[in-house]
Structures are given as structure tokens and as C-alpha cells.
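Please keep the sequence and the structure in view while reading.

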Amino acid sequence: MFYAFLRKCAKLFYVIMYKMTVIGKENMPDMKGGYIIASNHVSNNDPPVIGVTFKGRYNFMAKEELFHKNPFFTWLIKQLGAFPVKRGAKDGAQAIEKALESLEQGHIFVIFPEGTRSKDGTLGRPKSGVTLIAAQAKAPVVPVFIKYGKKRKFRRRIQVSVGEMMPAEKFDIDIEDRRQLKALSSDIMGEIAKLQENAPDVD
């Protein structure tokens, strides 16, 4: 109940402060969870933007520094499903385990394959984490591309493009094979790149 309330508040905020457009609504899954959203990453707004676009409860990885900003912010992002990940840490297996638990619980798991925000909006090389999670969870992946317009006085346009779901069967691979992991991760970024190419201009 409280999560639903927070989501409604966030949605109201983004409706007032931003003008959001969703392209590819027909590609949005009917399922309330159990799948992965793989998106480009250009802003700290990306997770909540996805959260108010897709119905269901979601979880996402967030850099550990965000959990030390202030007590209220830490509490808020935890309530919205975030869990901390150390950059470059060797305990990435623990983060993947939490992602798998999220999917098993029927949540939507949001991941940014590039692993970090893009400063200029260009797509970077994907890491293999997204494919590793999809393969172990036997979960489908929905590619998403988020595009922001220029900052105005009070509002900023946001465009969310949703691609066709990549079926779970596509990720039925040997997770010990690094070539397969890299190839499929590149395929996911390729789908995001297609969304970027077809995305209309946002003023």
C-alpha cells in the first residue's frame, strides 16, 4: 500500500514537472513483474521515470554513494526498491543475487547495461551483468530508451521509447561462456540503439 502511494506521488510529480510521452505502448508487457527492463542511463531521474511508466513493483541497483547523501533520500530510494552496489567491487555476485531474488518475487528488475550514466547521451559498451541475470532468472528483457528535452523554466519534456520484449528463451545460454554473454549484451544494447535511432526529436 505504501509503495503504491509513493508511486502515485512520484507519477503526479512527473506529470506536473515534466511532459512525458511514451512511444511503443503496445510493447509494454501485461505482466506485473518477473521481467527485466534494460535502459540507457543519462539522468538520476531514469529509475523513477521508468517506475511511473511501467505498472508493477520494481527494484534497481544504485551506486553506494547515493545511500550516503542524507537520511531522507536514503530512506526514499530504499522504499522505491533501490539497493546499493559498490563500483568495481568484487562482491558483484551479491548484487546479482539480489536481482535474482527480485525477479523471483515477481518484481520488475531495472538495469542500466552500460553500468554508469552517459554524460553526452551517447550509448556506451554494455557490461555482461544484464545477460547474466536474464540467463539465470530465465527472464525476458524489455529494451527502453529515455530521451530528455531541453531544460525550461518549470518543465522538461521526457520521451520513453519501449521496444519489443526479448524472450527468455533467447538467454538460454552457458553463463560460463564469456563470448555468449558479451554477444547477447551487445544484442540488448543494439535494441536500445534502434530505439534511439527512431526516437523523434525532443525540444
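## Terms and basis

Contact, or touching, means that heavy atoms lie within 4.5 Å. Helices (H or I, at least four residues) and strands (E, at least two) are DSSP runs, numbered from the N terminus.

This is a predicted model, in which local features need pLDDT of at least 70 and side-chain atom pairs count only at pLDDT 80 or more, while totals for chains, interfaces and linings use all residues. Residues are numbered from 1 along each chain as its sequence is written, and side-chain values use heavy atoms, with hydrogens and water left out.

Seven strands form an open sheet in the order 1-7-6-2-5-3-4, with mixed pairing. Two strands pair if DSSP finds at least two bridges between them. Strand 1 (18–23) and strand 4 (82–85) are the edge strands, each pairing on one side only. On average, neighbouring strands of the sheet are turned by 25° against each other, direction ignored. Axes here are lines fitted to C-alpha atoms, for helices over the stretch in contact, and angles run from 0 to 180 degrees between N-to-C directions.

Strand 2 runs parallel to strand 6, and four bridges join them. Strand 2 also pairs in the parallel sense with strand 5 (residues 108–111), over three bridges. A38 stands opposite P143 in strand 6 and opposite I111 in strand 5.

## Buried residues in the strands

Buried means under 20% relative accessible area, exposed over 50%, and partly exposed in between (1.4 Å probe, protein chains only). In a regular strand the side chains alternate between the two faces of the sheet. Strand 2 is covered on both faces: I36 and A38 are buried on one side, I37 and S39 on the other.

F109 lies in strand 5. Is F109 buried or exposed? F109 has a relative accessible area of 0%, so it counts as buried. Leaving aside neighbours within four places in sequence, its contacts include Y35, I36, I37, F60, L103 and I133.

## Helix 6

The expected span of a helix is 1.5 Å times one less than its number of residues. For the 21 residues of helix 6 (residues 178–198) this gives 30 Å, and the end C-alpha atoms are 30 Å apart, which agrees. L181, L184, S185, I188, M189, I192 and L195 of helix 6 are buried. Seen down the helix axis, the buried residues fall within an arc of 135° (taken from the directions from the axis to the C-beta atoms), so they line one face of helix 6. An α-helix has 3.6 residues a turn, so residues three or four places apart point the same way. On the other side of helix 6, R179, K182, E197 and N198 are exposed.

The buried residues of helix 6 pack against strand 2 (36–39), helix 5 (129–137), strand 6 (141–148) and strand 7 (156–162). The direction of helix 6 makes about 40° with that of strand 6.

## Helix 2

Helix 2 (residues 46–53) lies across several strands, among them strand 1, strand 2 and strand 7. Helix 2 runs at about 115° to strand 6.
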